[in-house]
Amino acid sequence: MHIAWFEYFQIACLVVALYCFRRLRACSLLAFIPLLLIVNVTEFTGTNYRLFGWESNYLIYNLYLLASTPFYFYIAGKMLFLTGKETFVFYAVCILCLILISVNFFFIQSPFRFNTYSLILFDIMTIVFSSLSLVRLTIMDQNELNFTREPFFWINSVNLLFGLITLVVLGLHEYILINHIEIAHKTLYNAIVPSVNAIVYAGYSYAFILCRTPGIR
């Protein structure tokens with residue numbers, strides 16, 4: 001049984017989220033707790049899939065995409081401060097994306113082939129939602145906003161970073177495998193994504209701690 005080094009950042013992030021439970025609820029970020037549970041179970045299972053006699057962990061990560069995407073979209077909606085018609089348009093787009101991801105899982109790329117189409121769609125939506133959230137933060141009253149103490153800034157910044165990198169690295173997964181693209185004798189995924197994961201979950205943890213600071217919201 002093996003735990004990859006970056007998984008410790010994910011476990012620590014879940015612990016911080018549970019510790020900051022009350023302030024996460026006050027900041028409308030409570031959905032991070034079930035999301036992080038899904039993340040930790042997926043990564044642990046995906047890393048140790050051979051112990052279960054499986055030949056591939058593609059199904060695990062495809063299921064993860066199905067299960068985690070609604071939570072990501074829900075959290076994104078909370079950070080966008082949606083009003084009026086924006087709420088309807090946002091959730092209509094999210095529902096359409098979830099339908100497309102489900103169709104791809106069951107009928108197009110199938111459960112046992114890595115669902116690159118779904119991942120590309122998810123990354124594009126992550127980039128769009130994170131960018132919109134950051135723009136909304138910048139047009140808020142600058143006298144009241146301190147980016148270094150704003151949890152939504154850190155969450156959206158690391159989401160934007162992760163979306164941009166995984167859009168290339170995992171979106172081109174099959175091309176990279178076919179052409180044996182490596183860095184320091186490691187696959188592009190193993191060379192880049194673990195470090196990005198560590199940055200993302202460290203960023204989440206910092207944002208959760210900021211949510212506990214009195215008077216921040």
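Author: A residue counts as buried when its relative accessible area is under 20%. The model discussed here is predicted.

Reader: What makes Asn104 buried rather than exposed?

Author: Its value. Asn104 has a relative accessible area of 3%. The cut-off for buried is under 20%. So Asn104 is buried.

Reader: Where does Asn104 lie, and in which helix?

Author: Asn104 lies in helix H5, residues 85–108.

Reader: Which residues is Asn104 in contact with, leaving aside its neighbours within four places in sequence?

Author: Gln109, Ser110, Asn115, Tyr117 and Ser118. Contact here takes heavy atoms within 4.5 Å.

Reader: How much of the protein counts as buried?

Author: Of its 217 residues, 43%. The accessible surface comes to about 11,700 Å². Carbon and sulfur atoms hold 69% of that surface.

Reader: How many helices and strands does the protein have, and what pattern do they follow?

Author: There are nine helices and two strands. Along the sequence the pattern reads α-α-α-α-α-α-α-α-β-β-α.

Reader: Why are H1 and H3 called roughly antiparallel?

Author: Look at the angle. Helix H1 (residues 7–19) packs against helix H3 (residues 32–47) at about 155°. Angles over 145 degrees count as roughly antiparallel. H1 is therefore roughly antiparallel to H3. The two axes are 10 Å apart, and H1 passes H3 in a left-handed crossing.

Reader: Which residues of H1 and H3 meet?

Author: From H1, they include Ile11, Leu14 and Leu18. From H3, Leu36, Val39 and Phe44 are among them. By class, this contact has ten nonpolar, three polar and two charged residues.

Reader: What makes H6 and H7 roughly antiparallel?

Author: The angle again. Helix H6 (residues 116–138) and helix H7 (residues 151–169) pack at about 150°. The cut-off is over 145 degrees. H6 and H7 are therefore roughly antiparallel to each other. Their axes are 8 Å apart. H6 passes H7 in a left-handed crossing.

Reader: Which residues meet between H6 and H7, and how do they divide by class?

Author: H6 brings residues including Ile120, Asp123, Phe129 and Leu137. H7 brings Phe152, Asn156, Gly163 and Leu167, among others. The contact has twelve nonpolar, nine polar and one charged residues. Asp counts as charged, and Gly as polar.

Reader: What share of the contacts with a separation of 6 or more joins residues 24 or more positions apart?

Author: Such residues account for 71% of those contacts.

Terms used:
Residues are numbered from 1 along each chain as its sequence is written. This is a predicted model: local features need pLDDT of at least 70, side-chain atom pairs count only at pLDDT 80 or more; totals for chains, interfaces and linings use all residues. Side-chain values use heavy atoms; hydrogens and water are left out. Helices (H or I, at least four residues) and strands (E, at least two) are DSSP runs, numbered from the N terminus. Buried means under 20% relative accessible area, exposed over 50%, partly exposed in between (1.4 Å probe, protein chains only). Accessible areas come from the Shrake-Rupley method with a 1.4 Å probe; for residues, only the protein chains shown count as cover. Axes are lines fitted to C-alpha atoms, for helices over the stretch in contact, and angles run from 0 to 180 degrees between N-to-C directions. Angles under 35 degrees count as roughly parallel, over 145 as roughly antiparallel, 65 to 115 as roughly perpendicular and the rest as oblique. A crossing is left-handed if the near helix is turned anticlockwise from the far one by less than a right angle, and right-handed if clockwise.
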